[in-house]
Protein chains: 4
Amino acid sequence: MGRHYLQIPGPTNCPEEVLRAIAKPTIDHRGPEFQAMGKRVLENIKPVFKTKNPVIIYPASGTGAWEAALVNTLSPGDRVLCFETGHFAALWQTMATELGLTVDFVPGDWRHGVDTDVLAERLTADTAHEIKAVCCVHNETSTGVTSRIGDVREAMDASGHPALLLVDTISSLGSIDYRHDEWKVDVTVAGSQKGLMLPPGLSFNAVSDKALAAYETAGLRKSFWDWKPILDANASGFWQYTPATNLLYGLEVALRLLEEEGLDNVFARHQRHSAATRAAVAAWGGGLEVQCLDEREHSGALTAIRVPDGHDADAIRKLILDRFDMSLGAGLTKLAGRVFRIGHIGWFEDLSLIGTLGGVQIGLSLSGVPIKKDGVDTAMEVLER
Amino acid sequence: MGRHYLQIPGPTNCPEEVLRAIAKPTIDHRGPEFQAMGKRVLENIKPVFKTKNPVIIYPASGTGAWEAALVNTLSPGDRVLCFETGHFAALWQTMATELGLTVDFVPGDWRHGVDTDVLAERLTADTAHEIKAVCCVHNETSTGVTSRIGDVREAMDASGHPALLLVDTISSLGSIDYRHDEWKVDVTVAGSQKGLMLPPGLSFNAVSDKALAAYETAGLRKSFWDWKPILDANASGFWQYTPATNLLYGLEVALRLLEEEGLDNVFARHQRHSAATRAAVAAWGGGLEVQCLDEREHSGALTAIRVPDGHDADAIRKLILDRFDMSLGAGLTKLAGRVFRIGHIGWFEDLSLIGTLGGVQIGLSLSGVPIKKDGVDTAMEVLER
Amino acid sequence: MGRHYLQIPGPTNCPEEVLRAIAKPTIDHRGPEFQAMGKRVLENIKPVFKTKNPVIIYPASGTGAWEAALVNTLSPGDRVLCFETGHFAALWQTMATELGLTVDFVPGDWRHGVDTDVLAERLTADTAHEIKAVCCVHNETSTGVTSRIGDVREAMDASGHPALLLVDTISSLGSIDYRHDEWKVDVTVAGSQKGLMLPPGLSFNAVSDKALAAYETAGLRKSFWDWKPILDANASGFWQYTPATNLLYGLEVALRLLEEEGLDNVFARHQRHSAATRAAVAAWGGGLEVQCLDEREHSGALTAIRVPDGHDADAIRKLILDRFDMSLGAGLTKLAGRVFRIGHIGWFEDLSLIGTLGGVQIGLSLSGVPIKKDGVDTAMEVLER
Amino acid sequence: MGRHYLQIPGPTNCPEEVLRAIAKPTIDHRGPEFQAMGKRVLENIKPVFKTKNPVIIYPASGTGAWEAALVNTLSPGDRVLCFETGHFAALWQTMATELGLTVDFVPGDWRHGVDTDVLAERLTADTAHEIKAVCCVHNETSTGVTSRIGDVREAMDASGHPALLLVDTISSLGSIDYRHDEWKVDVTVAGSQKGLMLPPGLSFNAVSDKALAAYETAGLRKSFWDWKPILDANASGFWQYTPATNLLYGLEVALRLLEEEGLDNVFARHQRHSAATRAAVAAWGGGLEVQCLDEREHSGALTAIRVPDGHDADAIRKLILDRFDMSLGAGLTKLAGRVFRIGHIGWFEDLSLIGTLGGVQIGLSLSGVPIKKDGVDTAMEVLER
């Protein structure tokens with residue numbers, strides 16, 4: 001009895017107004033009412049990416065938008081530079097390989113973002129410009145580490161290397177400061193089910209002029225993901241094939257809510273919740289540790305927490321789910337059982353964060369992790385300021 | 001951004017499934033589909049009152065069911081015995097007077113339930129049996145004090161007095177232990193918007209055989225509230241006039257949810273939340289005080305908290321609403337500005353209680369009430385047990 | 001499979017947007033968000049009644065608003081003049097009697113509206129002004145006859161009689177032209193579940209200054225229905241007791257929809273549908289007959305159709321319900337089995353009217369009523385114009 | 001005012017219960033509640049395809065499932081045999097070409113289904129078995145022609161050719177008889193927004209063992225569409241990447257509704273509506289013509305209607321949309337302006353079909369098409385039987 005706490009780092013809690021909107025009857029995706037909505041949504045999505053360029057909206061979940069970013073800009077055998085910042089970076093690297101690209105995969109410890117020194121080094125060394133694209137995950141959902149894309153851009157500019165910059169913002173868009181145009185990102189990949197506060201089922205490619213130019217010569221095979229026919233149809237507010245109309249209803253509401261709060265306020269709220277959560281972890285002690293090691297890279301969207309040796313993060317999560325009906329994120333692959341993740345992303349406020357941390361505190365205590373029960377209090381001090 | 005915390009003692013947070021149910025299209029209230037639902041609802045509501053007798057469901061909010069209890073059992077000039085246990089008891093007394101009854105109103109301090117000694121005394125003194133009914137509010141929503149109806153019954157039985165027992169359970173039904181048949185209550189008055197976890201708009205009279213007998217001679221004028229034609233129509237699953245079909249959809253869901261959790265578990269959950277809240281108040285100190293003074297009478301549904309002199313409870317509530325988007329209950333009439341009320345009733349769980357208390361703690365602190373910031377921690381100790 | 005056709009004359013089909021609105025979480029009925037909505041709703045409801053005076057909104061279904069109209073303006077033993085225009089007029093007369101009024105009940109044939117000649121005669125004869133109120137049902141839901149309230153007003157004015165004019169618009173408000181102020185109606189009674197396109201659960205009293213003056217001396221007992229405390233609370237956007245918040249959400253939407261279409265267009269649409277329906281009945285022939293006999297009194301909200309002797313209207317309705325999942329209105333009391341009623345009221349359009357008439361035509365044919373199958377065609381001719 | 005008639009051949013009218021279901025809060029797609037639902041949905045979807053083999057569910061609209069069918073079974077340069085039965089067949093052929101396949105495209109007149117004689121001829125001639133797959137559109141949404149897949153299978157069997165059989169059932173599944181296993185289809189492609197009565201956003205591949213064997217050597221690049229990781233995850237009720245949880249809620253409801261009605265009844269209902277629609281077209285005359293020329297191939301899902309020379313189908317559609325708020329399907333590419341399409345698919349019943357045909361009849365009349373106004377009547381004769 002009572003509401004479920006969905007504190008995984010996505011899908012996130014959707015605003016009730018969004019859920020009611022997606023329950024509206026589907027309309028003719030070739031009719032004037034849809035057309036007007038299509039135009040509005042395609043325009044209103046741009047500020048969330050901080051871009052003036054087109055944003056392509058796919059009726060598909062986020063992983064598809066990764067594939068779209070690659071197949072629209074690259075050719076078989078092209079070399080791309082990826083960074084092992086965590087589970088999702090690793091998955092993207094796998095996908096690139098599957099699609100016939102050659103991946104330079106810079107290993108990482110899953111506790112830091114993209115290493116811009118290594119990036120600079122690799123690009124500088126690549127005098128033949130064989131590297132066609134640099135792929136970064138802005139916010140690693142598996143680790144709670146946010147790579148500094150502005151610094152990535154600087155390193156690329158400094159190297160004078162012409163590679164494209166492809167960035168996954170699936171778990172950051174609409175929750176962590178992000179600037180498609182200013183950072184000269186060529187393709188920004190995003191999904192609906194995180195900071196955009198929608199159910200899963202929509203994904204996005206924001207594209208630069210340089211990306212659109214690359215499209216012209218990109219040799220990877222594509223059809224569903226092909227930008228051109230979609231952009232052509234979008235020009236008049238339509239889609240090439242059947243769009244996910246009901247999720248677009250929700251998107252329109254979500255975009256209005258973000259605009260009403262103000263993106264800067266949205267980002268500040270997420271950072272504040274992240275800071276409060278880390279303060280709780282520090283206060284708990286007992287061998288718990290925030291997975292992210294660089295102060296500059298703490299994610300506003302989630303906090304990944306390492307449990308001490310001898311404790312099983314999944315058992316703790318299960319106890320919390322059974323006792324409090326709260327879902328927390330699991331540690332993925334390398335971090336399975338070692339980490340649990342608290343999502344504080346999307347439609348979320350101070351009181352539910354306090355409740356979330358309260359459930360984690362009691363859950364840790366009941367699980368026998370030797371914490372001090374000061375976490376919630378300490379987090380509340382942060383929230384009171 | 002984020003969900004609203006509706007922590008007034010009713011209307012309460014409705015389960016999402018209930019809200020979706022009331023959004024179903026209205027159906028013909030004279031057709032077979034309605035009839036089947038009508039029969040189910042009329043049957044399934046009985047266990048919540050712990051009665052085997054009929055329960056009348058009005059398409060009207062709770063205040064109406066008070067009126068119904070009186071006009072169906074009493075005659076002009078009849079004497080009724082009421083107890084000033086708080087604001088709602090006082091309102092009921094006013095209503096009785098307006099309807100032409102003579103009210104013996106036993107004064108009270110709004111910090112205790114019905115005084116069964118006084119009750120016994122009055123009944124014993126009334127050898128002429130002029131008192132036709134004893135009216136009690138089971139749970140005083142204005143004070144967080146739960147009168148002990150079992151003890152009321154005992155006192156009445158001991159006195160051998162034949163008065164009817166009319167009990168208002170508007171803010172207790174479905175959240176605090178209540179036994180219509182066992183306690184030989186004659187009319188139980190209830191509403192939809194509290195423990196039944198529905199929006200306001202339905203109200204109830206559970207009736208005893210003795211009440212039905214009293215109906216036969218009751219001389220107060222009535223039409224809308226008249227039991228008989230409703231009971232006659234109910235026999236085949238219908239209502240005399242148009243019922244509130246969409247709220248009945250929700251009621252059917254809510255009754256199922258209560259049954260699934262089990263009423264005893266529902267009551268225990270509310271008591272636990274009440275205990276945790278009181279533990280927080282005690283830990284906060286700073287001159288805060290629980291309004292209820294009798295350990296046996298703490299309400300499982302809400303906690304009314306007195307603020308120290310020099311502080312304005314409404315200003316504190318306003319600060320909390322503005323800062324945390326949480327609604328708390330105001331002090332009513334005599335208690336205006338002196339008390340705020342935390343509802344922990346209905347569709348509610350530990351984590352949201354922690355969040356609620358967290359918001360109150362910060363709100364008190366920001367309002368300059370000299371509390372110790374130990375309230376949430378102490379409440380969590382209770383919840384951890 | 002497929003949608004249900006709810007073609008009873010109320011509750012009516014609710015707009016999907018209204019249903020989604022009532023599924024919004026309930027809010028604090030004492031808080032600022034409610035207050036703002038309360039003020040908007042109380043203001044926006046006025047034009048639907050064509051009044052500048054207050055409209056009282058009850059959290060109760062329509063029958064209650066009848067009671068309210070009586071108890072707020074009249075005293076025990078007061079004489080009221082009622083007209084037997086059909087089932088609901090008869091019910092209202094019964095209620096008046098139950099509440100202690102003396103009813104002069106002018107008999108009628110259930111096929112005409114209020115007889116203004118008789119009205120004039122009675123009032124003129126009542127030189128002692130014993131008649132305190134004239135009670136009319138604007139649109140008789142049982143017969144599909146709309147009384148001409150403008151003519152009623154004229155007759156009353158001509159007689160110089162000071163009686164109050166109380167009018168039931170439960171099945172006409174928001175669908176048939178009605179003018180509270182212009183016709184100097186003293187209390188207009190209405191409900192949510194017809195032309196207002198809401199589920200049942202709200203009802204209304206629009207009041208004149210004369211009615212408010214009558215209130216001051218009205219001796220009937222009242223509490224729940226008492227205007228004064230509600231009007232006092234309404235002044236600041238609140239209600240005296242818990243309002244039906246979720247239905248008010250829907251009301252706000254419904255009022256916007258009515259305003260967007262324009263009341264005159266709403267009325268014209270209903271009249272057009274009524275004319276098309278009558279055209280179908282005429283074309284069917286076969287002994288079917290429209291219940292209403294006066295061309296000036298055909299209801300825009302519904303059409304009651306008499307079936308020929310030897311046929312059972314309820315059997316026809318049952319066949320149509322079973323075969324087409326369409327609910328039609330039954331004949332009530334005197335008309336049981338003799339009449340079925342087609343509702344064409346509320347949220348309704350040409351195509352669903354065609355479907356409705358199509359289902360009726362096939363149903364009549366399958367039931368063995370010797371109709372010509374020209375009804376739908378003829379109705380379509382009307383709709384094509 | 002009134003409901004919108006969405007009579008395009010998909011997206012279709014969704015049951016209200018489906019729409020409410022997709023408005024449920026999103027849950028953890030890695031948790032036990034999702035897992036249980038995942039298992040149920042994956043199992044319950046099978047009977048709709050009449051298969052015992054796995055069905056892959058993509059969080060993407062239908063076009064994506066076409067791509068999936070190709071990339072999971074074929075290799076670059078593979079030859080596939082396609083039939084130009086209409087617009088969607090042509091699009092699929094384009095896609096195959098874009099993905100690097102060699103397409104033998106058998107031209108057609110858009111008024112017949114797959115020509116099984118040509119098929120037999122081509123396969124028999126292909127003694128080298130260069131043709132790796134035969135691609136058919138079961139129901140051509142652009143023409144209302146249903147290819148006879150059973151006959152296709154027979155022709156393939158008779159030829160002894162080992163090509164795979166890939167069939168698009170996007171606008172037939174759940175509305176027109178289809179038998180994945182019996183007809184030995186290797187990949188059946190489907191979408192959510194037609195006979196499955198859901199909003200767009202889910203698509204499907206039902207696969208044969210032979211298809212799974214082909215997967216092992218299929219050389220086309222794939223990642224998002226890759227069957228294997230999805231099937232692996234599905235084994236325990238999960239998905240490899242984030243599924244479209246909220247649409248799966250709706251799917252579960254829709255599958256139950258189909259099961260409750262019974263698939264055979266569903267198919268019969270669609271055929272009946274199709275027959276009634278064609279009867280209306282014949283009765284209208286005036287130069288209107290059903291696009292489908294083969295009696296055996298009339299689609300149960302939609303009827304495409306040719307308008308006489310000198311009339312613009314799009315102008316007729318626009319008039320109907322403006323006047324009756326009904327969306328009809330446009331003629332696509334070759335048929336633009338020549339054809340309009342009436343969808344009678346999904347959640348639909350007799351009465352709304354009558355309303356639909358009524359709107360079309362009046363719209364044709366108002367557009368000056370010289371029809372006889374007997375269409376609706378004639379359709380009703382069919383429906384009455």
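**Close-up views of a predicted model**

**View 1. Chains B and C are related by a rotation.** A rotation of 180°, with 0.0 Å of shift along its axis, superposes chain B on chain C with an RMSD of 0.0 Å. That is how a two-fold axis relates two copies. In general, two copies of a chain are related by a rotation about an axis and a shift along it. The model shown here and in the other views is predicted. Which residue of chain B comes closest to the rotation axis? B:Ala60 does, with its C-alpha at 2.0 Å.

**View 2. Chain B meets chain C.** The contact takes 46 residues from chain B and 46 residues from chain C. On the side of chain B that touches chain C, at least two residues each come from helix H1 (16-22), helix H4 (62-71), helix H5 (87-98), helix H10 (245-261) and strand E13 (326-330) of chain B. H4(B) gives the largest share of that side, four residues. Sorted by class, the side of chain B that touches chain C holds 22 nonpolar, 17 polar and seven charged residues. Why do the copies meet through the same surface? They do so because 100% of the interface residues of chain B are also interface residues in chain C.

**View 3. B:Gly77 sits in a loop of chain B.** The loop in question lies between H4 and strand E3 (79-83) of chain B. Is B:Gly77 buried or exposed? It has 12 other C-beta atoms within 10 Å, so B:Gly77 is exposed; the cut-off for exposed is 12 or fewer. Leaving aside neighbours within four places in sequence, B:Gly77 is in contact with B:Gly100 and B:Thr102. Look at the first of that pair. B:Gly77 and B:Gly100 are 23 residues apart in sequence, and 5.8 Å apart in space from C-alpha to C-alpha.

**View 4. A:Lys194 carries a record from UniProt.** An unreviewed UniProt entry has the annotation "modified residue: N6-(pyridoxal phosphate)lysine" at A:Lys194. In the model, A:Lys194 is found in the loop between strand E9 (187-191) and strand E10 (203-207) of chain A. Around A:Lys194, 30 other C-beta atoms lie within 10 Å, so this residue is buried; buried calls for 20 or more. Which residues is A:Lys194 in contact with, leaving aside its neighbours within four places in sequence? They are A:Gly10, A:Thr12, A:Ile170, A:Ser171, A:Ser175, A:Ala301, A:Ile345 and A:Gly346.

**View 5. Two domains of chain A touch.** The domain assignment of chain A gives domain 1 (5-10 + 262-384) and domain 2 (16-259). Their C-alpha centres lie 27 Å apart. Where the two touch, 27 residues of domain 1 of chain A are in contact with 25 residues of domain 2 of chain A. Helix H11 (263-284) and strand E12 (302-306) of chain A each supply at least two residues of the domain 1 side. H11(A) supplies the largest share of that side, four residues. The residues on the domain 1 side divide into 13 nonpolar, nine polar and five charged.

**View 6. Helix H13 of chain A covers residues 350-366.** How far should the 17 residues of H13(A) span at 1.5 Å a residue? They should span 24 Å, and the end C-alpha atoms are 24 Å apart, so the two values agree. H13(A) is mostly covered, with 15 of its 17 residues buried. A:Gly368 follows H13(A), and its phi is positive, near 85°.

Conventions:
Residues numbered from 1 in each chain as written. Chains lettered and ligands numbered in written order. Predicted model: local features only at pLDDT ≥ 70, side-chain atom pairs only at ≥ 80, totals over all residues. Contact = placed C-beta atoms within 7 Å. Nonpolar A, V, L, I, M, F, W, Y, C, P; charged D, E, K, R; others polar. Expected span 1.5 Å × (residues − 1). UniProt positions renumbered as here; feature names shortened; annotations may be inferred. Domains from an automatic or database assignment. Least-squares fit on C-alpha atoms with pLDDT ≥ 70 in both.
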